[in-house]
Amino acid sequence: MTAGVSRREFFVVAIGAAGAVLQDTTSVGQVYDPERAGRAQAPVTAADNDKNVQALEKRLRCSCGCGLDIYTCRTTDFTCTYSPALHKQVLAMLGDGKSAQEVIDAFVAQYGQVALMSLPRRGFNLLGYFVPGVALLVAALGLVWMLKRWTRESGAAAPVMPAAPPDASPAELEQLRRELDRLPG
Amino acid sequence: MTLLGYFSLWLALVVGLWGAITGFVGGAQGRADLQQSARHATFALFGALLIAVISLEVAIFRHDFSVQYVASRTSRNLPTFYLWSALYSGQEGSLLFWAAVLSLFAALTQLLTGGRYRAYLPYVAAVTSLVTTFFVSVMLFAANPFQRLAFTPMDGQGMNPQLQNPGMVFHPPMLYLGYISITIPFAFAIAALLTKKLDTEWMVAVRKWTIVSWLFLSIGLLIGMWWAYVELGWGGYWAWDPVENAALLPWLVMTAYLHSVMIQEKRGMLKKWNLALILGAWVLSIFGTFLTRSGVIASVHSFTESPVGYYFLFFLVAATTATTILYVIRLPLLQAEATLESMVSREASFLFNNLLLIGLAFSVLWGTLFPIISEAVMGVKITYGPPTFNFVNIPLGMTLLLLTGIGPLIAWRRASTANLKRQFAVPVTTGVFALLILLVAGMRDRWALLAFSIGAFVVGTVVQEFARGARARNRQYGEALPLAVLQLLSRNRRRYGGYIVHIGIVLLFVGFAGMAFKTETEATLRPGESAQLRGRDGHVYTFTHLGISQYNALNRQVTAALLDVRRDGKDIGRLRTEKRQHVDALGNRTFEPSTEVGIMSGLRVDLYVVLAGLVNGTEQAVFRFTINPLVWWVWFGGFVLVIGGLIVLWPGGAPVAVKGSPASGVQAGYAVKLEAER
């Protein structure tokens, strides 16, 4: 033993190191065939799990063609090579001090509007948002106008009709149906 | 055998053309011999296509890898269960499946349709034969399922792992059955237009077919959602994918029809509208097929990648043009027998319900097509993703849910103020009460609040309808309330079965709203380590990684992770999630490893665990943990919806059409026959 290190200290360090190695090999042993489990994964970091990063990545589309956002794709399709790369790009930009909006702007500048999961509400895209609603509104107004016309025609054609049919209970209605059913023809 | 299948396709083409020609000519000239020939052609067409299907199935089960379709979709070690589904797992096979089922439905229609509708049948045979012939011609000229390879490989490429799921065995055929069966009502509608017999008769003839179609579409959509949830691993069941949307469109239109047809049956109104809905539903079913098979959705530029797309586009344009012209020509004959008497009536509420359903269908179609429109008009590729779909469609869905509760509360013809007050009191109170409870409980998500409170309102409506009907029977016949409820269901299946469908819809919305409270996290765990996640149900769930095991199964090499699950420290079971590397019979790896999700399903939450992979080939594994609230209610709601649909469909007990309407030959309305009176 060299001077300065007592035998006791040496054994304590050696046992500690052996314990650490044994601990490591028993808890994370190698699997029989790693390739069966697909691409090796890197341990999850705090940044991967950061809610703000996740929220940001849910606004950006993966470019692999899956139609999913970056976060969902990278945590779902583990064969995709695009979403992990895009995730790294997001983290790098955030690491450079960019805000979420600046990251989004950078993605749009690089990949175009297709990189956004949600259609930007401007220009031609407004048609994408509001045509169904406007069409439905116009159709509803048209329907109301048509219904009013029909009810007017109905009133003119049958002025002697009672204002409203008497309220009948289900039992009375069933009785009525039975009577009608007995009618010949 | 495959040669026989190929020849039977050619035979089907000839027979189909013959059936179409003889049907149209025989119908127009009133020639009984041609009409009979057209009828026989539908049977022969079915026979020829059945031989083709059997030939392909034999090739699949014999592992005849000289056939391209068999080699590219199956392998020797593919489980038998999935050999069956290989028939429709690819483009060519699914076209054959489609044509064969349509020919079966066409033959059944000719066999089962009573003599009363004989005038329509030649045209029905012509239309079904023509549509079948189109599918056969696509197979023969663009997507031949019997195409041979220049060499015979030792083994096939196998089936895509994502299709090796029970959901995928049942989802496509159910959806196809829904799509295909729309052709029968469509054929009757065309027959009605051609014969000018445009009263309610054709609708009575197709009543069952329309419900069958709606039911199959519903089941197909639900199983598709379930498959996406358990197989794809992203933790949801609806992503507004173009293929999903394409299936939703005809479902929405058929739902609109099933409501508005009641107005025509009861009041003789909306003849134009109902015809248009049936024609539109069929066109949308072909349009959906075009969208999903042409590749046009991915990009306008990818359209040319699939020659099948051209065939479908041509057929779609030709069929839509011909149908529209015929419809417009006949419009003057489609006059209502009655008019609306009041804006506050069941008829008016059904019209608004129809407006919303069609508006929703248009909105989904618009969102699906908008990327193409944007690229074509502005030259800009954009994504019309789930956030945009939700923004546009959730308000429409909520309004529709509200109308589901309002419609049954309003009387036919005209509702008085007193009637409205009496009808709305209980349901509105139920809805408001539910809203207050949720607010007090701390729920703040506005859409979830709306979904739950409107859902409570609709449940209030349905319960009130059942309670009143049952009490009436109790008073009149002295039946105990449970028996009275059963009798109500039995005597008027369409009405009360429809209410059960409404309950199913409410449950579905409750499940959808639950997704607003999803929580998730990722974690890297060594064996023995745990991750915790707090659910929005207030419980803390602890997942402990127990270890990784690897073993071989029939056609795959499995890497499985086992996790111990605790809720607030109490053991509630174990979850297992896998990576599967599929191999062929020779042990060659065929696809990229796929993921099998571990799911623990409960009334309140689903625990959803995905094994992302291993760290450096060790047992240290990366997991994604998700807590999905109320997903069980989606499946249960779907089950209730299907049960309601089956009750409506079940023979007997339904309202029966009565002969003798002076206006049309068929009464615009229906009567109820009680068993005791028969």
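Q: At what angle do helix H11 and helix H12 of chain B pack, and how far apart are their axes?

A: Two packed helices are described by the angle between their axes and by the distance between those axes. In this predicted model, helix H11 (residues 242–267) and helix H12 (residues 271–294) of chain B pack at about 170°, and their axes are 9 Å apart.

Q: How is the direction of H11(B) relative to H12(B) described, and why?

A: An angle over 145 degrees counts as roughly antiparallel. H11(B) and H12(B) are therefore roughly antiparallel to each other. The residues in the contact of H11(B) with H12(B) comprise 17 nonpolar, seven polar and one charged.

Q: Which residues touch the most other members of the largest nonpolar core?

A: In soluble globular proteins, nonpolar side chains tend to be buried together. Here the largest nonpolar core has 198 residues, and B:Phe188, B:Ala189 and B:Val253 touch the most other members. Helix H10 (residues 207–232) of chain B supplies the largest share of this core, with 17 residues. A second, separate core has 27 residues, among them B:Leu525, B:Leu614, B:Val615 and B:Phe625.

Q: Which residues is B:Val253 in contact with, leaving aside its neighbours within four places in sequence?

A: With those neighbours set aside, B:Val253 is in contact with B:Leu277, B:Gly280, B:Ala281, B:Leu284, B:Ile358 and B:Ala361.

Q: In what order do the five strands of the open sheet in chain B stand?

A: Strands of a sheet pair through backbone hydrogen bonds, either parallel or antiparallel. The open sheet of five strands in chain B has the order E2-E3-E4-E5-E6, and its pairing is antiparallel. Strand E2 (530–534) and strand E6 (594–596) of chain B are at the edges with a single partner strand each, so one side of each has no neighbour in the sheet. From one strand to the next, the twist averages 25°.

Q: How many bridges join strand E4 of chain B to strand E5 of chain B?

A: Twelve bridges join strand E4 (residues 556–567) to strand E5 (residues 570–582) of chain B, and the two run antiparallel. E4(B) and E5(B) form a hairpin with two residues between them, and B:Asp568 in the turn has a positive phi of about 50°. On to the next strand, three bridges join E5(B) to E6(B), again in an antiparallel run. There, B:Lys579 has B:Thr595 of E6(B) as its bridge partner.

Q: Which strands form the open sheet of four strands in chain B?

A: This sheet has the order E1-E9-E8-E7 in chain B, with antiparallel pairing. Its edge strands are strand E1 (519–525) and strand E7 (598–601) of chain B, each of which pairs on one side only. Direction ignored, neighbouring strands of this sheet are turned by 15° against each other on average. Four bridges join E7(B) to strand E8 (residues 605–614) of chain B, and these strands run antiparallel. B:Ser601 stands opposite B:Asp606 in E8(B).

Q: How many residues does the contact take from chain A and from chain B?

A: The size of an interface is often given as the accessible area lost when the parts come together. Counted by residues, the contact takes 64 from chain A and 74 from chain B. On the side of chain A that touches chain B, helix H6 (125–157) and helix H7 (170–182) of chain A are the elements that give two or more residues. H6(A) provides the largest share of that side, 18 residues. By class, the residues of the side of chain A that touches chain B are 31 nonpolar, 21 polar and twelve charged.

How values were computed: Residues numbered from 1 in each chain as written. Chains lettered and ligands numbered in written order. Predicted model: local features only at pLDDT ≥ 70, side-chain atom pairs only at ≥ 80, totals over all residues. Axes fitted to C-alpha atoms, helices over the stretch in contact; angles between N-to-C directions. Parallel < 35°, antiparallel > 145°, perpendicular 65-115°, else oblique. Nonpolar A, V, L, I, M, F, W, Y, C, P; charged D, E, K, R; others polar. Pairing = 2+ DSSP bridges. Contact = placed C-beta atoms within 7 Å. Core = buried A, V, L, I, M, F, W, Y, C linked by C-beta atoms within 7 Å. Buried ≥ 20, exposed ≤ 12 C-beta atoms within 10 Å, placed from the backbone.
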